[in-house]
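Take a look at the fold below before reading on.

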Amino acid sequence: MGTKVRIMGLELDLLTQETLEAEVAGYLSNDILNVVHMISVDYIDTCEKNEIVQEVLAEADMVLPGEKAILSAHHVEVLETGGMVVDYRSMLELMEPLKVKDRTFYLVLRSEKEAKGIYRYMTRHFSKENVLGVYAADGNVAEEALINDINTKLPDVIILSMDSTEQEEWLVNNKGKINAKLCLVAGSIIPHIMRDNVHVPVWIRKIHCAGLFQFLVQIPNSKFLRKRIFNRKMDDYITKKKLRGNQNEGQ
């Protein structure tokens, strides 16, 4: 079973792993493009300030927590113990039951650096043949050429990561043109995935500093820091809400 929780004006789907598996299986078996957003604490500011983002989220088939910190006010440890979806790793756990190994992917990413990192990440879990294309938004490929390439290769899943609000505008402009089954919108969570799965350069491994390198890169993803960021945003949100309430009472 699934429910919805509201976090600072942002409505998230809170699902069990079993429910997510059933929903995604349905998306992958139909003939329309379903859209699933995975979001981080950092995404909250974008959603609050931009009408296009709000509209795209309202039309999404599912909006999932991409990192545990966004559920800090909802006893995330208890939710995780109870088998609820609390971060992006839940999608990886769908591989075996949904036979995702047979699925194909197209990566639409914000930069060459991100494209290399996520391609490396994907090919650790899938055969290289399953990744049909990789596009970097900072390259020279025209948008029309990208859409044509996607529709020629017919991937099952598109992983979309651009700067907000670029990815939402891209969806508005192109959703109806794309032949795929599922679009995972992950612009705010991809940086976390890259830090959690950091690539250690060969020269650092040679000087036996891989552990230190990984520790330093992953500091921004630390549970303590992310929870502090969430709490600060929550305090700001409550303060603004009170101020708006006082202004309305004074009118």
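Of the contacts in the protein chain with a separation of 6 or more, 74% join residues 24 or more positions apart. Keep in mind that this is a predicted model. The chain has 251 residues, and 45% of them are buried. Its accessible surface comes to about 13500 Å². Carbon and sulfur atoms hold 52% of that surface. The secondary structure consists of 12 helices and eight strands.

Now the sheet. Six strands form an open sheet with parallel pairing. Read across, the order is β4-β3-β8-β7-β5-β6. Which strands stand at the edges? They are β4 (62-65) and β6 (131-136). Each has a single partner strand, so one side of each is left without a neighbour in the sheet. From one strand to the next, the twist averages 15 degrees.

Strand β5, residues 105-109, pairs with β6 in the parallel sense over five bridges.

Next, helix α3, which spans residues 51-59. Which of its residues are buried? They are V53, V56 and L57. These three cover an arc of only 100 degrees around the axis, which puts them on the same side of α3. The face turned away from that buried side carries the exposed residues E51, A58 and E59. Look also at the start of α3. There, a side-chain oxygen of N50 reaches to within 2.9 Å of the backbone nitrogen of I52.

Finish in a loop. N197 sits between α9 (190-196) and α10 (202-206). Is N197 buried, exposed or partly exposed? Its relative accessibility is 27%. Buried would need a value under 20%, and exposed one over 50%. N197 therefore counts as partly exposed.

What does N197 touch, leaving aside its neighbours within four places in sequence? It is in contact with Y88, Y121 and R124. I118 gives a further distance to check. N197 and I118 are 79 residues apart in sequence. In space, their C-alpha atoms are 9.2 Å apart.

Definitions and conventions
Residues are numbered from 1 along each chain as its sequence is written. This is a predicted model: local features need pLDDT of at least 70, side-chain atom pairs count only at pLDDT 80 or more; totals for chains, interfaces and linings use all residues. Side-chain values use heavy atoms; hydrogens and water are left out. Buried means under 20% relative accessible area, exposed over 50%, partly exposed in between (1.4 Å probe, protein chains only). Helices (H or I, at least four residues) and strands (E, at least two) are DSSP runs, numbered from the N terminus. The arc is that of the directions from the helix axis to the C-beta atoms. A polar contact is a pair of N or O atoms within 3.5 Å; within protein, one must be able to donate a hydrogen and the other to accept it, and residues adjacent in sequence count only if both atoms are side-chain atoms. Contact means heavy atoms within 4.5 Å. Accessible areas come from the Shrake-Rupley method with a 1.4 Å probe; for residues, only the protein chains shown count as cover. Two strands pair if DSSP finds at least two bridges between them. Axes are lines fitted to C-alpha atoms, for helices over the stretch in contact, and angles run from 0 to 180 degrees between N-to-C directions.
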